[in-house]
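Here is a brief report on helix packing, domains and the chain contact. Look at the model first, then read on.

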Amino acid sequence: MKAQTDLLYSETEDDLRAAVRSLLGDRAGHQTLLDRIETDDPYVPGLWKSLAGDIGAAGLLVPEELGGQGASHREAAVVLEELGRAVTPLPYLTSAVVATETLLGLAGEGAGPVAELLASLASGERVAVLAVPFSTAPHPAGAGDGDLPEGPVRAVADAVAADVFLVRRPDGLYAVPAADAVVTPLTPLDLTRPLAVVDPTGAGGSRLADADAARAAVRRGLLSGAGLLASEQLGLAERCLEETVRYTRERHQFNRPVGSFQALKHRMAQLWLDVVGARAAARAAADALATGSPDAPLTVAVAQAYCSKVAVRAAEECVQLHGGIGMTWEHPAHLALKRAKSDQIALGSAGRHQDAIAALMELPAPA
Amino acid sequence: MTDAEELRSRTRRLLAEHPPATTGRTDFLKARFDAGLAWVHYPVGLGGLDAPRALQAVVDAELAAADAPDNDPRRIGIGLGMAAPTLLAYGSEDVKSRFLRPLWVGEEVWCQLFSEPGAGSDLAALGTRAVRDGDEWVIDGQKVWTSSAHVARWAILIARTDPEAPKHRGITYFVCDMTDPGVEVRPLRQITGEAEFNEVFLTGVRIPDAHRLGEVGDGWRVAQTTLMNERVSIGGARIPREGGMIGKLATTWRERPELRTHDLHRRLLDLWVDAEVARLTGERLRQQLVAGQPGPEGSAMKLGFARLNQAISGLEVELLGDEGLLYGEWEMRRPELVDFTGRDAGYRYLRSKGNSIEGGTTEVLLNIVAERVLGLPPEPRNDKDVAWKDLAR
């Protein structure tokens with residue numbers, strides 16, 4: 001019998017992890033990333049096709065009858081752990097999770113434009129991006145549910161990789177061909193996740209759902225995104241800790257490995273405790289999403305409130321405990337730091353998620 | 001091989017032959033022990049059936065459903081969690097059959113004589129002497145932080161048998177009779193006003209050599225068995241959301257809107273998230289143990305709970321304002337059981353200060369995590385190959 005919440009990894013998940021890790025290790029090492037991130041196209045050529053098509057990772061959330069793998073958020077979370085570990089630029093969170101889950105929220109109608117789009121996302125043939133600021137939280141307090149601003153949408157993640165934008169308009173959700181929208185790239189803090197201003201005004205597109213259905217579907221997409229972002233943060237934090245431990249074991253000062261000083265050891269041990277907690281929180285969120293638990297909004301908020309801080313702390317400790325080398329462009333620590341800091345804002349800051357917890361758990365702010 | 005089905009039918013047979021409703025508590029527990037259903041992973045004849053440890057849950061579920069009495073494990077935690085595994089691993093057949101049954105049933109309470117005033121984090125530096133006299137050992141020294149010493153019948157004791165050897169190598173492990181006239185137990189009052197621990201003075205206490213566990217000079221290794229089992233016993237039960245101290249704080253928050261401020265709200269939510277993640281971490285550890293994949297995460301639990309308990313109870317005292325200025329009562333009592341969440345917020349605040357000291361200080365446990373889990377190099381040491389008698393103290 002399955003436990004109420006399964007917080008462990010299955011064998012299938014371990015196998016998937018190994019496949020993704022091997023792919024990223026071969027094709028997207030940190031030197032490759034450093035060579036690309038200042039170009040117009042930070043995505044490693046062919047990598048999306050390998051991950052999405054060959055491994056089948058883009059279709060994990062999509063049922064088999066709609067052209068996907070029929071897996072769940074638990075498996076997608078493992079993919080994101082690996083993408084976080086390697087700080088890989090790929091539109092996985094944006095297309096294979098947020099956009100895909102948004103469309104799944106509308107897919108009840110069987111065949112039609114939604115199913116068609118979903119199938120092409122699941123195969124990795126097309127990339128779709130929900131045209132909302134990357135900071136949008138899934139909860140009612142976030143921008144996702146407020147008035148819909150007309151005009152350009154600021155800071156849309158992976159917009160430059162999109163073939164299709166999912167655009168909320170007052171009368172519903174639209175699929176807008178990327179070529180019809182005006183996409184103006186921005187200079188992001190995290191060069192591994194391109195940001196752009198997307199202006200879909202007057203770009204037409206086809207209407208996929210009415211306003212009510214759109215609101216619920218977008219909420220669902222953002223909730224899954226926030227919940228699985230915790231796994232990206234977990235993977236990143238774990239990698240930062242591993243690299244820091246490895247470096248401080250080798251680096252000698254004062255005729256000792258610097259990792260033998262208690263002042264450093266305690267910081268790394270504390271980080272390990274935080275990573276252990278992050279793993280439990282991220283697994284709980286992935287499992288709650290996978291099982292459609294009514295607890296999912298709370299579990300996701302807890303995972304985000306916790307894991308976003310852990311990832312930032314791990315990356316900051318990684319830079320500090322590497323000393324001078326950690327401050328250089330040549331060393332990959334800055335890639336993790338910039339990703340972690342941006343992820344802290346992505347899909348709702350810790351504060352927004354705590355506000356959601358306060359509402360859900362009836363722990364109100366002072367009147 | 002004993003399987004779940006067999007255990008279930010054995011348990012039902014026990015319940016049929018000794019109906020809990022009409023059987024005395026101790027008699028029922030003795031019958032349960034003799035049926036091999038006390039701890040199923042123990043050997044046949046010693047309360048077990050050589051069955052997989054995970055199958056204990058099958059027995060416990062049957063017994064709980066029948067409202068059978070348990071052995072009040074919290075009262076005899078040191079016996080169950082520390083003495084028993086060590087007796088099992090190192091005791092002679094006579095020792096095992098003499099001690100394990102009354103220990104498990106709860107007729108004989110055990111305590112632990114390890115820490116000393118001069119040997120806390122550096123337990124291996126202990127100075128209580130054990131000198132051989134024919135078939136006996138004569139013990140002289142002082143132990144401290146001994147819970148249950150005033151109610152204990154027996155103690156597990158480590159003492160120095162060879163002062164010439166380096167500190168880890170001159171220690172021997174014994175079972176000590178707490179009724180020996182040379183044992184004097186004095187309450188040790190702590191910052192809460194209570195005395196849940198004791199000082200134990202040992203003066204010419206005589207222990208038969210038959211009550212030695214392990215070889216002479218091998219006591220440090222034997223003690224590792226004891227301490228390792230202390231960690232395994234953590235994380236047994238599933239904790240509900242808002243279980244423990246955070247539940248008290250959350251309840252106060254909900255019921256007392258006049259106490260709320262924005263600053264306290266932000267800190268409450270921080271701690272609520274940390275407590276929920278600690279709960280999930282414990283649940284994940286529990287699932288790992290059930291699946292037979294024990295990880296090093298157990299040591300994370302103790303460190304996390306110490307910090308959390310202190311922060312939560314500290315915030316609660318602050319939240320209470322005028323009431324936080326008060327304290328329930330300072331009368332010196334000697335409680336047999338300690339409930340960290342019991343009594344008022346002020347008590348919880350003070351008692352939880354011990355959580356980062358008892359059972360390994362946070363500083364020492366962080367060293368252990370750093371060295372054993374992360375593989376970081378140890379601090380350079382100058383005490384490993386020096387005779388105990390030549391160490392600075």
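Which residues in α5(A) meet which residues in α7(A)? From α5(A) come Leu93(A), Val97(A), Val98(A), Ala99(A), Glu101(A) and Thr102(A). They meet Ala217(A), Val218(A), Arg220(A), Gly221(A), Leu222(A), Ser224(A), Gly225(A), Leu228(A), Leu229(A) and Glu232(A) in α7(A). Contact here is a C-beta to C-beta distance within 7 Å, with C-beta placed from the backbone.

## Basis of the model

This is a predicted model; local features need pLDDT of at least 70, side-chain atom pairs count only at pLDDT 80 or more, and totals for chains, interfaces and linings use all residues. Residues are numbered from 1 along each chain as its sequence is written, while chains are lettered from A and ligands numbered from 1 in the order in which they are written.

## Chain A: two helices on α7

Helices are DSSP runs (H or I, at least four residues), numbered from the N terminus. Helix α5 (residues 92-104) and helix α7 (residues 211-250) of chain A cross at roughly 145°, and their axes come within 7 Å. Axes are lines fitted to C-alpha atoms over the stretch in contact, with angles from 0 to 180 degrees between N-to-C directions. The crossing of α5(A) and α7(A) is right-handed (near helix turned clockwise from the far one by less than a right angle; anticlockwise is left-handed). By class, the contact of α5(A) with α7(A) has nine nonpolar, four polar and three charged residues. Nonpolar means Ala, Val, Leu, Ile, Met, Phe, Trp, Tyr, Cys and Pro; charged means Asp, Glu, Lys and Arg; the others, Gly among them, are polar.

Helix α4 (residues 73-86) of chain A also packs with α7(A), at about 40° and with axes 7 Å apart. That angle makes α4(A) oblique to α7(A). Angles under 35 degrees are roughly parallel, over 145 roughly antiparallel, 65 to 115 roughly perpendicular, and the rest oblique. α4(A) passes α7(A) in a right-handed crossing. The contact residues include His73(A), Ala76(A) and Leu80(A) of α4(A), and Ser224(A), Leu228(A) and Glu232(A) of α7(A). This contact has seven nonpolar, seven polar and six charged residues.

## Chain B: domains and helices

An automatic or database assignment sets the domain bounds. Chain B has domain 1 (1-70), domain 2 (110-231) and domain 3 (234-373). The C-alpha centres of domain 1 and domain 3 of chain B are 33 Å apart.

Helix α7 (residues 245-255) and helix α9 (residues 298-319) of chain B pack at about 20°, axes 9 Å apart. So α7(B) is roughly parallel to α9(B). Their crossing is left-handed. Among the residues that meet are Met245(B), Ile246(B) and Leu249(B) of α7(B), and Ile312(B), Leu315(B) and Leu319(B) of α9(B). The end C-alpha atoms of α9(B) are 32 Å apart, which agrees with the 32 Å that its 22 residues should span at 1.5 Å a residue; the expected span is 1.5 Å times one less than the number of residues. Just after α9(B), Gly321(B) has a positive phi of about 60°.

## Where the chains touch

Contact links 38 residues of chain B with 35 residues of chain A. On the chain B side, α7, α8 (262-290), α9 and α11 (362-373) each give two or more residues. α8(B) gives the most, with 15 residues. The chain B side divides into 22 nonpolar, nine polar and seven charged residues.

Definitions and conventions. Contact = placed C-beta atoms within 7 Å.
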